[in-house]
Amino acid sequence: MLFSDILAILDPSGHPIVLTGHLHPDYDSAAACLLMQQFLKQCGVNAQICLYGKMDAHSDAVLRKYGYNPGALFAPVPKNAVLILCDCHTTTQPGKVIACADHHPVIEAPDMPVYLNRSASSAGRIIYQEAAAYGLQTDRETDFLALSSIYMDTRACSSTKFQEADKPWIIETAARWNFDLSALERDGLCLTDLTQPVDLLAKNDFRAYTFGKYRVASSCVQAEKEKAVPMGTLLECCKSICLSESYDYWVFLCYIPLEKITDVYLFNRDENAWNKTRHARILSRGNDVIPALERMLIDR
Ligand SMILES: [Mn+2]
């Protein structure tokens, strides 16, 4: 058991205890560290959170929206610290790693005194379950952190990482505290802020690729409703960037995740035209759309 194992090896001689997530932590890393901090406190153990790298803007915004200050979770690790890793199993942070709670698949388990790694919707969920099993108190805040970490780490319970067994707990917990699951769903789906200027939206989540002699650019938005996307001006803007920056193709993806729709817009500079295809599922840009274009270009 995670908490009894950690408590058994904690050295009372006073090394600072530091909780950290992976480099460039996401929402789940932060939530997992906050949960670990609160549960350890119940056991009479004070631990400091020292995240490192840069948090993605979406995780940062959602943490702020729910009253957290992500900046306060970043700090250098004090001297002689022992580390507990949350949402990762390796680190470049200084100090001796004494434990981890993680859900990323590993080929070979790293050597550390307390190692917990299992399939889970989020690292926050693992820590929450371990604390509950150990008899620690949960409250509105711990429930919120664990539940929101699931939504944020699994694209609102839709990715393959999501554990179906968590469903009854989510429904019961949301009902108990009156959590707004539709707001969490939007947070988890990472919907794009469509009030941004069109030239920023046109380069939202921008990627560039080179396939043989072809230069390809891509951007995408995630929208709650198709109507909310200023598609005409967006495509005009993508086209003008495509021409001015000499790309051969521009792939613009419009995801409407709540309706399980992916619209793929492909601009070809030679033909000076957009081609649109609609797919009744959420395609992956990196695994589906771009490899398909790459095959098409290489076959030429
Ligand atoms: Mn995670």
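1. The secondary structure of the protein chain comes to 10 helices and 10 strands; helices (H or I, at least four residues) and strands (E, at least two) are DSSP runs, numbered from the N terminus. Please keep in mind that this is a predicted model, in which local features need pLDDT of at least 70, side-chain atom pairs count only at pLDDT 80 or more, and totals for chains, interfaces and linings use all residues. Residues are numbered from 1 along each chain as its sequence is written.

2. The chain is divided into domain 1 (2-189) and domain 2 (198-298), with bounds from an automatic or database domain assignment. Taken over C-alpha atoms, the centres of domain 1 and domain 2 are 35 Å apart.

3. Of the 300 residues, 37% count as buried. Here a residue is buried if 20 or more other C-beta atoms lie within 10 Å of its own, exposed if 12 or fewer, and partly exposed in between, with C-beta atoms placed from the backbone.

4. Next, find the open sheet of 5 strands, ordered S6-S7-S8-S9-S10 with mixed pairing; two strands pair if DSSP finds at least two bridges between them. Strand S6 (207-211) and strand S10 (273-279) are the edge strands, each pairing on one side only. From one strand to the next, the twist averages 20°.

5. Strand S8 (residues 249-256) has 8 of its 8 residues buried, so it is largely enclosed by the rest of the structure. Tyr 249, Val 251, Leu 253 and Tyr 255 point one way from S8, while Trp 250, Phe 252, Cys 254 and Ile 256 point the other way.

6. Strand S7 (residues 214-222) pairs with S8 in the parallel sense over 7 bridges, and Val 221 has Cys 254 as its bridge partner in S8. S8 and strand S9 (residues 261-268) pair in the antiparallel sense over 8 bridges, where Tyr 249 has Asn 268 as its bridge partner in S9. S8 and S9 form a hairpin with 4 residues between them, and Lys 260 in the turn has a positive phi of about 50°.

7. Finally, helix H10 (residues 285-298) lies across S6, S7, S8 and S9, running at about 150° to S8. For that angle, axes are lines fitted to C-alpha atoms, for helices over the stretch in contact, and angles run from 0 to 180 degrees between N-to-C directions.

Methods: Two residues are in contact if their C-beta atoms, placed from the backbone, lie within 7 Å.
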